[in-house]
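I opened this entry to go through the chain contacts, the surface and the charged pairs. The structure goes in first, then my notes.

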Amino acid sequence: MGFISQHPVLVAAVVKVAVLLFIVMTGLAYLTWLERKVIAHIQSRWGPYNVGAHGLLQPLADGLKFLFKEDVMPPIADRLIYTLAPFLALSLGLTAIALIPFGPPERLFLGQPIFVVSDINLGLLFVFAITSMGVYGVALAGWSSNSKYALLGGLRSSAQMISYEVSLTISVVGVLLLAGSLDFNQLIEAQRGYFRYLPFIPRWNIVPQIIGFLCYLTAAIAETNRVPFDLPEAETELVAGFHTEYSAFKFAMFFMAEYANMITVSCLATILFLGGWLSPFPDTWTWQNYLPGAGLLLLAAYCAWNTVSEMRGFARLQFAVVTMLALGGGLVCLYPPVAVHIQGPFWFTAKILGILFFYIWMRATLPRFRYDQLMSFGWKLLLPVSIANLVVTAFVIVWPLLRHG
Amino acid sequence: MNIAILMFFVCALLAVAGAVVLILAQEPIHSALALVLVMMALAVLYLLLGAPFIAAVQVIVYAGAVMVLFVFVIMLLNAGVEERTDFSKIAKFAGVPLGFLLLLEIAHWLAHSPIGTAIANGVGSSNEAADTANLSEMLFRQYLFPFEATSILILIAILGALVLARKEPS
């Protein structure tokens, strides 16, 4: 007990990281399920259906499969770097998420802020520092495999990530100018309130910085190597790109790193452009505190109806369990102190899910760019537009000062 | 033991070890990765000195951009294992002792100069001068001309590299 009372911040950080890791890993697994389901429904298919009701246990089965598969390493691979690369990719992807505030820092539990793991002054810069290291995982995987396809995939990926990182960073600077800070909490607080002449539209940065938002979203898709910018793993040209030679759990780690990066850029988009954990409704509308609980109760009702009338056998049992979980969770969320506390994370998660859905939608809709198109798009269109956005924003901010002072 | 001091020694050790591997490794990519390790360790040292902005920029610029380009070029050229020759006699008998002498001299100077003691006392404390707002104030007001001159210098270097690398029109 002595250690805990002496270092409360340290112990709280370790506990929060452990909980966050569990939530993020589960989230990653179910993000793959969501992606397969959404794409399947867009393409008039059912998607995963057989492992668990509606394929709900599919991520678990996939994880077990990856664990038990044979881990093949090419004999001419550079053993050290070949092993290091997937660890690097996944650990960097997860570290970046630990810097994100999921709720207001003033919400305390046992005297410690519960929704913020690390409250640092330069949060945004540190996230960029960590994500800028992410290219090593891909590049080193491509090089160390000692295979032509993997090398070409790694080369393409490094070139692409360096090119789009420039636009990504510059498209964000407009938001920083508006808030005058690099601290996540201040960036979010600067978006509180409503526009003066349009009092029903929240003052989120997406309205004044719509060009910056579109540039950020495009560059972020390219940064995370997703369709339509998934050139590094273009299977018609490069087999599987940088992870051609990877198998078993090392492959799964690259897979998880990709989804972790998706979550990170969605979190950043939410914080910078969509008002972070702020609710779109005014604070006086207290009924919004009960939205998460009501949503869970609706889910419980839907699952209960399914359990009783639609499902048979094992699937019926699973739906009963899901019903119980949703019912219990919904009742806990309706308890007023809890309802007030989870407002921040609720809106934050809802916005992240919206962006992730957009990501998946893009993947199901758009064809892949050609490599030269990708490069000319990034350098000749995206970069000039984001620089123009930055210059115009700076000018608009400085103009009143010049006129009056 | 103070956690900041402990972190300092761990990172200092990592930086020195990375630098040694950088010189001794035969595979160019191992050298490049060792240099990345040195950069990261230095970034943590800046953090310990209370300069988080410098630390973040160190990682973004050096580890995240410059070294990525190094790795990229090594991969592109598919550079093989470097060749080793025997050490020359002069290097062995004069270079090694002289190198140690230089190292001792630097260590002695750092331990007794005002800069060295200021740095040593700064470990684990916050540094007012390295605050981001202060830093930008200095960079864009007090040192605006040298700052802009440096950027033009870098632009000239880029243009020079382009001219040198361009193929002659036949």
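Entry 1, the interface. I looked up the contacts between the two chains in this predicted model. I found 21 residues of chain A in contact with 22 residues of chain B. The area buried between chain A and chain B came out at about 2,000 Å². Carbon and sulfur atoms give 83% of that area. I then asked which three residues supply more than any other three of the area that chain A buries against chain B. They are A:Tyr136, A:Trp143 and A:Leu155, with 28%.

I looked for salt bridges between chain A and chain B and counted 0. Polar contacts gave 3 residue pairs across the interface, both residues at pLDDT 80 or more.

Entry 3, the side of chain A that touches chain B. I noted helix H5 (123-144) and helix H6 (148-179) of chain A, each supplying at least two residues to this side. H5(A) gives the most, with 11 residues. By class I have 17 nonpolar, 3 polar and 1 charged residues on this side of chain A.

I looked up a nonpolar surface patch on chain A of about 1,200 Å². Its members include A:Tyr30, A:Val51, A:Leu67, A:Phe68, A:Phe249 and A:Phe314. Helix H3 (58-68) and helix H12 (313-334) of chain A each supply at least two residues of the patch. I placed A:Leu67 in helix H3 of chain A.

I picked one, A:Arg363 with A:Glu35, whose closest N and O atoms are 2.8 Å apart. A:Arg363 lies in helix H14 (residues 343-365) and A:Glu35 in helix H2 (residues 8-42) of chain A, so the pair ties together parts 328 residues apart in sequence.

Terms used
Residues numbered from 1 in each chain as written. Chains lettered and ligands numbered in written order. Predicted model: local features only at pLDDT ≥ 70, side-chain atom pairs only at ≥ 80, totals over all residues. Heavy atoms only, no water. Contact = heavy atoms within 4.5 Å. Buried area = accessible area lost by both parts, 1.4 Å probe. Salt bridge = Lys/Arg side-chain N within 4 Å of Asp/Glu carboxyl O. Polar contact = N/O pair within 3.5 Å; in protein donor to acceptor, adjacent residues only side chain to side chain. Helix = DSSP H or I, 4+ residues; strand = E, 2+ residues; numbered from the N terminus. Nonpolar A, V, L, I, M, F, W, Y, C, P; charged D, E, K, R; others polar. Patch = residues over 30% accessible without salt bridge, like charges linked within 9 Å, V, L, I, M, F, W, Y side chains within 5 Å. Areas by Shrake-Rupley, 256 points an atom, 1.4 Å probe, with all protein chains shown as cover.
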